[in-house]
Amino acid sequence: MKPLFEAGRRKAGTIAWILLVLASLVLIGIGLAQTMFFIWAPEPAMLEKARIGGLFITAGCALSLTAAAWSHLRSNPVWVSIFVGLPGLLVGWAVVEDPYSLLRHLAAVVSFPLA
């Protein structure tokens with residue numbers, strides 16, 4: 001009976017990890033959707049929306065890095081941990097580098113399919 005319990009526990013941990021990865025991608029996506037101006041000068045209402053979008057992006061990046069650490073603790077292959085943490089690193093770096101540029105959207109285009 002004990003091996004069945006361990007298998008069920010492993011499966012529950014895998015599902016929770018997958019949901020964490022998906023939640024990080026959804027939060028980053030919502031944040032990027034709220035910050036879709038980079039061609040024209042924004043008005044004050046758009047700056048407030050961009051600030052809130054930045055909070056979503058920050059939370060998603062933190063979840064992505066948490067999922068990468070959890071992946072490493074679960075003894076997944078190293079490439080899985082790297083690919084899961086890539087959106088948190090690239091998009092987070094792009095937001096810190098210039099919070100109002102197209103760079104963060106390009107970083108998401110590159111890293112989302114890998115995650």
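The questions below concern a predicted model.

Q: Why is the pair Arg 51 and Glu 48 called a salt bridge?
A: The closest N and O atoms of Arg 51 and Glu 48 are 2.8 Å apart. The cut-off is 4 Å between a side-chain nitrogen of Lys or Arg and a carboxyl oxygen of Asp or Glu, so the pair qualifies. A search of the whole structure finds 1 salt bridge.

Q: How are Arg 51 and Glu 48 placed along helix H2?
A: They are 3 residues apart in H2, which covers residues 44-73. That separates them by about one helical turn.

Q: Why does Arg 51 count as partly exposed?
A: Its relative accessibility is 45%. Buried means under 20% and exposed means over 50%, so Arg 51 falls in between. Glu 48, at 38%, is partly exposed by the same test.

Q: How do you know that the span of H2 agrees with its number of residues?
A: At 1.5 Å a residue, the 30 residues of H2 should span 44 Å. The end C-alpha atoms are 44 Å apart, which agrees.

Q: What makes up the largest nonpolar core?
A: This core has 9 residues in all, including Ile 28, Ile 57, Cys 61 and Val 91. Helices H1, H2, H3 and H4 each supply at least two of its residues. H3 gives the largest share, 3 residues.

Q: Which residues does Val 91 touch, not counting those up to four places away in sequence?
A: Among them are Ile 28, Ile 57, Cys 61 and Arg 104.

Key
Residues are numbered from 1 along each chain as its sequence is written. This is a predicted model: local features need pLDDT of at least 70, side-chain atom pairs count only at pLDDT 80 or more; totals for chains, interfaces and linings use all residues. Side-chain values use heavy atoms; hydrogens and water are left out. Helices (H or I, at least four residues) and strands (E, at least two) are DSSP runs, numbered from the N terminus. Buried means under 20% relative accessible area, exposed over 50%, partly exposed in between (1.4 Å probe, protein chains only). The expected span of a helix is 1.5 Å times one less than its number of residues. A nonpolar core is a set of buried Ala, Val, Leu, Ile, Met, Phe, Trp, Tyr and Cys residues joined through side-chain atoms within 4.5 Å. Contact means heavy atoms within 4.5 Å.
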